[in-house]
Amino acid sequence: DKFFYSLNLINEYCKENEIEVLYTIIPMDVQVSKSYWDKYAIFYFDEDAFEKTRPQVRIMEYCEDNGLACLDLLPELKKNENKDDLYYRGEDPHFDILGNKVSGELIYNFFTTHIHE
């Protein structure tokens with residue numbers, strides 16, 4: 001609820017100031033590939049958890065309901081889920097060089113198709 005409250009504040013501010021907002025959902029590594037599960041040994045991940053896209057679904061629904069452009073990177077990144085460490089750095093949940101390159105290209109392409117001049 002706090003997340004969506006914050007989004008509402010951002011959207012209200014942007015509307016008042018004629019600023020276009022484009023959102024991007026960046027998934028956690030464990031959503032992209034099972035190969036990342038071991039690095040979070042204190043948490044439990046299973047097949048059911050791997051299929052959870054609830055954060056993405058809720059955010060996309062919010063954006064659709066409010067007429068906001070939103071890019072979810074998860075579907076594109078999951079296309080290569082069987083490759084080890086394809087997009088994220090070893091023990092770190094941040095993108096590696098390839099992850100930055102691929103996500104940057106996806107974001108660039110999405111934004112350039114949604115920019116209103």
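This is a predicted model: local features need pLDDT of at least 70, side-chain atom pairs count only at pLDDT 80 or more; totals for chains, interfaces and linings use all residues.

Residues are numbered from 1 along each chain as its sequence is written, and side-chain values use heavy atoms, leaving out hydrogens and water.

Start with the largest nonpolar core, which has 16 residues. Such a core is a set of buried Ala, Val, Leu, Ile, Met, Phe, Trp, Tyr and Cys residues joined through side-chain atoms within 4.5 Å; buried means under 20% relative accessible area, exposed over 50%, and partly exposed in between (1.4 Å probe, protein chains only). Among those with the most contacts inside this core are L73, Y88 and F95. A second, separate core of 11 residues includes L7, V21, Y23 and L68.

S103 sits in helix α6, residues 97–114 (helices are DSSP runs of H or I, at least four residues, numbered from the N terminus). S103 counts as buried because its relative accessibility is 5%. Beyond its neighbours within four places in sequence, S103 is in contact (heavy atoms within 4.5 Å) with L73 and F95.

Now the charges: the structure holds two salt bridges, each a side-chain nitrogen of Lys or Arg within 4 Å of a carboxyl oxygen of Asp or Glu.

| Salt bridge | N to O distance |
|---|---|
| K79 and E76 | 3.1 Å |
| K101 and E105 | 2.8 Å |

K79 counts as exposed because its relative accessibility is 60%, while E76 is partly exposed at 32%. K101 and E105 both lie in helix α6, four residues apart, about one turn of the helix.

How values were computed: Helices (H or I, at least four residues) and strands (E, at least two) are DSSP runs, numbered from the N terminus.
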